[in-house]
Amino acid sequence: MKKAAGKYSDIIDLPHHTSKKHPRMSMEARAAQFAPFAALTGYGEAIQRAEEAFAGYVSDTELRYEDIEE
C-alpha cells in the first residue's frame, strides 16, 4: 500500500479491527437498522380518516371568498 503522510500516517495502514467478542452482523440485519419505520403508529390512518370526514366540508372563509369573486 502507498504510505500516507499526515496526522494518521501511524494508523492508516493497520488492518481493520474485528471483534473477538461480537460476531459480524449480516448485511440484511445491518440494512434493517436503517430501514424506514412508523414513528407514530396509526398516524397515517388517522389523517386518512380526517381527510375523508372533512372531504365535503367548505369553510366560512372559502364561502366568503367565493362571494367576493362574483
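Two exercises with worked solutions follow.

This is a predicted model, in which local features need pLDDT of at least 70, side-chain atom pairs count only at pLDDT 80 or more, and totals for chains, interfaces and linings use all residues. Residues are numbered from 1 along each chain as its sequence is written, and side-chain values use heavy atoms, with hydrogens and water left out.

**Exercise 1.** Work out which elements the protein has and where confidence is lowest and highest.

Solution. Begin with the helices (DSSP runs of H or I, at least four residues) and strands (runs of E, at least two): the protein has three helices and zero strands, in the order α-α-α from the N terminus on. Then turn to pLDDT, the predictor's confidence in each residue, from 0 to 100: its mean is lowest in helix H3 (residues 60-69), at 62, and highest in H1, at 90.

**Exercise 2.** Decide whether isoleucine 11 is buried, partly exposed or exposed.

Solution. First locate isoleucine 11, which lies in the segment before helix H1 (27-33). Next recall that buried means under 20% relative accessible area and exposed over 50%, with partly exposed in between (1.4 Å probe, protein chains only). Because its relative accessibility is 45%, isoleucine 11 counts as partly exposed.
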